[in-house]
Amino acid sequence: MVGNLLIISLRGLSQIAAEYSECPSGKKGGDLGWFPRGKMAGPFQDVAFNTPVGVTSAPFKSTHGYHIILSEGRKY
């Protein structure tokens with residue numbers, strides 16, 4: 001399932017989030033908007049800030065479930 005999800009996500013990560021996410025952000029295609037360091041829980045924050053812009057992370061697990069992050073930009 002995770003392997004298939006990753007392949008599909010490269011075609012439309014926002015569509016997958018809208019359909020399968022249990023997070024309120026799923027209604028917005030998984031878009032969390034801009035957030036500073038310290039706002040997100042451990043592994044999520046680590047992956048979010050270590051994934052290069054324009055790259056989709058590998059699937060990972062946090063205390064809130066499984067995630068895939070598409071890093072779309074950075075504000076400094």
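1. Rings of Phe, Tyr and Trp (for Trp, its six-membered ring) are taken to pair if their centres lie within 6.5 Å, with planes under 30 degrees apart counted as stacked, over 60 as edge-to-face and the rest as tilted. By this rule there are three aromatic pairs. The rings of Phe-35 and Phe-44 have centres 6.4 Å apart and planes at 45°, so this pair is tilted.

2. On provenance, this is a predicted model, in which local features need pLDDT of at least 70 and side-chain atom pairs count only at pLDDT 80 or more, while totals for chains, interfaces and linings use all residues. Residues are numbered from 1 along each chain as its sequence is written, and side-chain values use heavy atoms, with hydrogens and water left out.

3. The protein chain has two helices and two strands, where helices (H or I, at least four residues) and strands (E, at least two) are DSSP runs numbered from the N terminus. Read along the sequence, these elements follow the pattern α-α-β-β.

4. Of the 76 residues in the protein chain, 29% are buried, a term that means under 20% relative accessible area, as against over 50% for exposed and in between for partly exposed (1.4 Å probe, protein chains only). The accessible surface of the chain comes to about 5,700 Å², and 56% of it belongs to carbon and sulfur atoms; these areas come from the Shrake-Rupley method with a 1.4 Å probe, and for residues only the protein chains shown count as cover.

5. Returning to the rings, Phe-44 also pairs with Phe-60, and because their centres are 6.0 Å apart and their planes stand at 55°, this pair too is tilted. Phe-44 lies in helix α2 (residues 42-50) and Phe-60 in strand β1 (residues 60-62), so the pair ties together parts that are 16 residues apart in sequence. The C-alpha atoms of Phe-60 and Phe-44 are separated by 8.3 Å. Ring pairs link Phe-35, Phe-44, Phe-49 and Phe-60 into a cluster.

6. Which residues form the largest nonpolar core? The six are Phe-35, Phe-44, Ala-48, Phe-49, Phe-60 and Ile-69, and the largest share of this core, three residues, comes from α2. Such a core is a set of buried Ala, Val, Leu, Ile, Met, Phe, Trp, Tyr and Cys residues joined through side-chain atoms within 4.5 Å. Phe-44 has a relative accessible area of 11% and is therefore buried, and Phe-60, at 11% relative accessibility, also counts as buried.

7. With neighbours within four places in sequence left aside, Phe-60 is in contact (heavy atoms within 4.5 Å) with Pro-43, Phe-44, Val-47, Gly-65, Tyr-66, His-67 and Ile-69. Across the protein chain, residues 24 or more positions apart account for 22% of the contacts with a separation of 6 or more.

8. A polar atom of the His-67 side chain lies 3.3 Å from the backbone oxygen of Gly-65. Beyond its neighbours within four places in sequence, His-67 is in contact with Phe-44, Ala-58, Pro-59, Phe-60 and Ser-62.

Note on methods:
Polar contact = N/O pair within 3.5 Å; in protein donor to acceptor, adjacent residues only side chain to side chain.
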